[in-house]
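Work through these exercises with the structure open. Each task is followed by a stepwise solution.

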Amino acid sequence: MGSRKKKEFRVVGTALRKVDATSKVTGATRFADDLSLPRMLYAKLLRSPHPHARITAIDATKARALAGVKAVLTGKDLPIPFGILPVSQDEHALALDKVRFVGDPVAAVAATTEEIATEALDLIDVKYEPLRAFPDAIDAVEHPDPAIHDYADAGNIHKLIDLEFGDVEAGFREADLVREDLFFFEGNTHLPMEQHAAAADWSPGGRLTVWSSTQTPHYVHRALAKVLELPAARIRVIACPNGGGFGGKSDPFSHEIVVAKLAMLTGRPIKITLTREEVFYCHRGRHPTLMWVKTGVKKDGAITGMHFKSLLDGGGYGSYGVASTYYTGALQTVTYPIPRYKFQGARAFTNKPPCGPKRGHGTPQPRFALEVHVDKIAEQLGMDPAELRLRHLLPPNSLTANWLRVGTMGLGRCIEKVVDGSEWKRRFKQLPYGQGIGLACSSYITGAGLPIYWNAMPHSGVQLKCDRGGGVTVFCGSTEIGQGSDSILAMIVAEVLGLDPMDIAIVTGDTDLTPVDLGSYSSRVTLMTGNAAIQAAERARDLIAPHAARKLEVPAERIAFADGRVFDVEQPEHGLAFAEAVQLAEAAEGTVGTVGSYTPPRSAGRYRGAGVGPSPAYSYSACVALVDVDPATGIVRVPKIWIAHDVGRVINAASVMGQIEGSVYMGLGEALMEEMAYRGNRNVVHKIPSLLEYKSPTTLEMCDVVTYVVEDPDPNGPFGAKECGQGPLLPVPPAVANAVYDAVGVRIDEVPITPEKVFKALRRKDKGEEPRFGPTKFPEIPWPEPTRVPPPWEGGDGTAVGQSVGGTVGRHA
Amino acid sequence: MPDAKAKIALDVNGEPIEVAFAPHKTLLEVLREDLGLTGTKHGCELGECGTCTVLVDGTPVLSCLVLGLACAGRRVKTVEGMADGGVLHPLQEAFAELGAAQCGYCTPAFLLTADALLAENPRPAREQIKDALAGNLCRCTGYIKIYEAVELAAARMRGEKAEPARETLYGQP
């Protein structure tokens, strides 16, 4: 029964092959581009060759006349704007009157073959009137005209944030040391191996089906209903298994809306598969971020106050950018106690592909800054950086200055693991010149506390059907992007009902069949769908148990479920097969089905902007990187990384290992080589939209990884589980930067840490200049009047000074 | 006008077949579009990512860079041809067991590249595995589970009773 105490787990914590493993290794998994429907047409998008221009005329007559072309769409066919955040409804499926980056979709063609559709694109005549383009955030901050959008907080500054939690200046006055640093984190992209694809089918009866490689079918559903002006009940969105997402398939996209509209116009199924170059234009990747941080510390390293500023280069559209901006200031407070904290964040529109959420969403940049900054502080104080961190860990069950409620906190154990494993004490500052070791830590949310659009409904829902044959089907809107979310559902339900996970059928990511789950982003899926699945499975157990008890003639509270049986816990041999128990329940009660749902706990903060940062649980990671730096060339090699991650509770051990290793890999790529680079002029053309030129680690660059999984079960997680898919990426870039300093004594305050930057810093060191490569100034920004929120220890209730009771809560998840 | 179709005979996964297609089509397109073998994936269609790798006469090739016409009379092996009836190939088994397939999109190419490696070298060292797989990109795994799966499968294919190491599945104590 629900109250039965679990002493041990049978499924949870084991290393099981994933429920979809066999179809993945046989090639049977159907990704979006694998779909083929009778009479299917193919769509292609015409994209802007200009970074910023007004469209003065479009003539598609010749394209329409081409044999094999069935339809051509332009902006006026889809005039309703959309966007992932309610505050940034600034995209059109096809540009209406303006283009904002090279690659912005302008027109679409449906034809009988991809070749004809491509040929037709050349026949569409678009007249542009080029406008001054903005290649980077500083340029956009300094020049309000011409405005990229007709909405913004100031000129070309999309969003301005100024939050103050206590008097930081007083904090600096109490400090023994006050240090300021500037950092830059270059933009980079997700680079999923699967190119985005979508297919649509329109039945003349008025129902639309869209298949897509999307991480967020629910948001695509909402965007389609809005733009196509169709009732949501007539639209079915099916999220195909994603061939990698990493955040890059979390927005509703132009191509998804375009295929739907083309299917409606032609009455035929349509498919579109983006080229790799187009995937670079979809982007929504890591925001290039300039950061300034000033921290006061006591002699023992205790922080007295911190002031953090960030400037994000947002690209041409809003996307998740408002949330990303808040995230660059949100999680500084959850690792080391910060009694007074001020955050100022700005996001500029520029004429580049839009930035958005990439693995770690808005937090790897400030984490890089903070962890290198702390390394410098430790050096100035003459402290070991591991020791400094261990002495100043945020205690569990804390409420931070910015009102984030932290539950379990396993960072101390993580630091100890990597310090011991890497022989840190023997190696730090003691390796030969050219070799170095560096440490960094981090934390990440396990799901956003608030939904993207304001609503009071659950974030995740599960329906569960028990078949009289003993099988169980779990229906959930979650989306399998390779992280193993389908398997988590199977394992959790199997645990509660005492079944083999392979006896559980999983139906996910289909808006007709599955209850809403908000999507595979913000590391929310295991915690939220897991809790919903536990509730549904426990309800099924409670529904079935009394009937088994009656048959077995024992009290219902003695009924247990395990090994495919339902039995008396006092005499385990006295029992029934699970199927038989379901049959008894079905005979008595009718069809056996239950539901479960999950809503995160209410956030503590009540100020505007408090919606970003709260989470049911925070994961923690610590990382040590070993590097070899060639002083002659500046080339950095990373032979080995030690990573420890506090995952709360392991559900599937093999998946946890895979997520941690994959995060380290992606963090290593960001640390050393990955960058969205543009030509250095106002053409703002992407330099390298190809898999060859966008450098990502191959087997030859990937390091050895020693992984420690730390379990500190969190009461808010399913069986105590927290996230592991994003957090372990965060400490890797700063650990590498700190190790480079240990190796050759130069600070690279910018990622990626390319040979050129290391070489230039070494040259400066040789000349007796500051041994550093990194930004040298933060621009003047017209910050608004700060929102002043007293931290918890200064009283108050999480509202801002002067804020009306029950005032606005930012709702950007 | 589209080109007239060309027709070739070849061996695909051990079966002789004839297929007609527009002569400009790549092997990748012929496999996916004309033979319905969608297990072969694509990540760039420019020969940069290795995702479309198949074996032609036992050698890994990028099917996006090979014309279908060039495969007349050749033996082509795709992921659909790896399992023996209902029994998975030891590489498939090991990839599934260790979670070496996360999203699964690059997986067919890694399996086939590893298959060719093991045919040539039944006992590859870790560095040899890295070299053999250096042309295949994977964004999910960090490659580590892939190396471990290749090693596990290689041991089993040599007749050894190999099981995954504890730290492979659970991490260091």
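**Exercise 1.** At roughly what angle do the axes of helix 3 of chain B and helix 4 of chain B cross?

*Solution.* The model is predicted.
- Step 1: the two axes cross at roughly 125° and come within 10 Å.
- Step 2: angles of 65 to 115 degrees count as roughly perpendicular, and those over 145 as roughly antiparallel.
- Step 3: the crossing of helix 3 of chain B past helix 4 of chain B is right-handed.
- Step 4: helix 3 of chain B brings B:F110, B:T113, B:A114 and B:L117 to the contact, and helix 4 of chain B brings B:I129, B:A132 and B:L133.
- Step 5: sort this contact by class. Six residues are nonpolar, one is polar and none is charged.

**Exercise 2.** Find how helix 15 of chain A and helix 16 of chain A pack.

*Solution.* 
- Step 1: locate the pair. Helix 15 of chain A covers residues 525-552, and helix 16 of chain A covers residues 578-589.
- Step 2: their axes lie 8 Å apart, at an angle of about 100°. So helix 15 of chain A is roughly perpendicular to helix 16 of chain A.
- Step 3: list the contact. From helix 15 of chain A come A:L543, A:I544, A:H547, A:A548 and A:K551. They meet A:A581, A:V582, A:L584, A:A585, A:A588 and A:E589 of helix 16 of chain A.
- Step 4: the classes are eight nonpolar, one polar and two charged residues.

**Exercise 3.** Which helix of chain A gives the most to the side of domain 1 of chain A that touches domain 3 of chain A?

*Solution.* 
- Step 1: Domain 1 of chain A is 21-29 + 458-598, and domain 3 of chain A is 289-450 + 605-773.
- Step 2: the C-alpha centres of these two domains are 38 Å apart.
- Step 3: the contact joins 16 residues of domain 1 of chain A to 20 residues of domain 3 of chain A.
- Step 4: on the domain 1 side, helix 14 (485-497) and helix 15 of chain A each supply at least two residues. Helix 15 of chain A gives the most, with six residues.
- Step 5: that side has seven nonpolar, eight polar and one charged residues.

**Exercise 4.** Describe the side of chain B that touches chain A.

*Solution.* 
- Step 1: the contact takes 42 residues from chain B and 47 residues from chain A.
- Step 2: elements giving two or more residues to the chain B side include helix 2 (90-98) and helix 5 (144-157) of chain B.
- Step 3: helix 2 of chain B has the largest share, five residues.
- Step 4: the chain B side divides into 23 nonpolar, 13 polar and six charged residues.

How values were computed
Residues are numbered from 1 along each chain as its sequence is written. Chains are lettered from A and ligands numbered from 1 in the order in which they are written. This is a predicted model: local features need pLDDT of at least 70, side-chain atom pairs count only at pLDDT 80 or more; totals for chains, interfaces and linings use all residues. Two residues are in contact if their C-beta atoms, placed from the backbone, lie within 7 Å. Helices (H or I, at least four residues) and strands (E, at least two) are DSSP runs, numbered from the N terminus. Ala, Val, Leu, Ile, Met, Phe, Trp, Tyr, Cys and Pro count as nonpolar, Asp, Glu, Lys and Arg as charged, and the others, Gly among them, as polar. Axes are lines fitted to C-alpha atoms, for helices over the stretch in contact, and angles run from 0 to 180 degrees between N-to-C directions. Angles under 35 degrees count as roughly parallel, over 145 as roughly antiparallel, 65 to 115 as roughly perpendicular and the rest as oblique. Domain bounds come from an automatic or database domain assignment. A crossing is left-handed if the near helix is turned anticlockwise from the far one by less than a right angle, and right-handed if clockwise.
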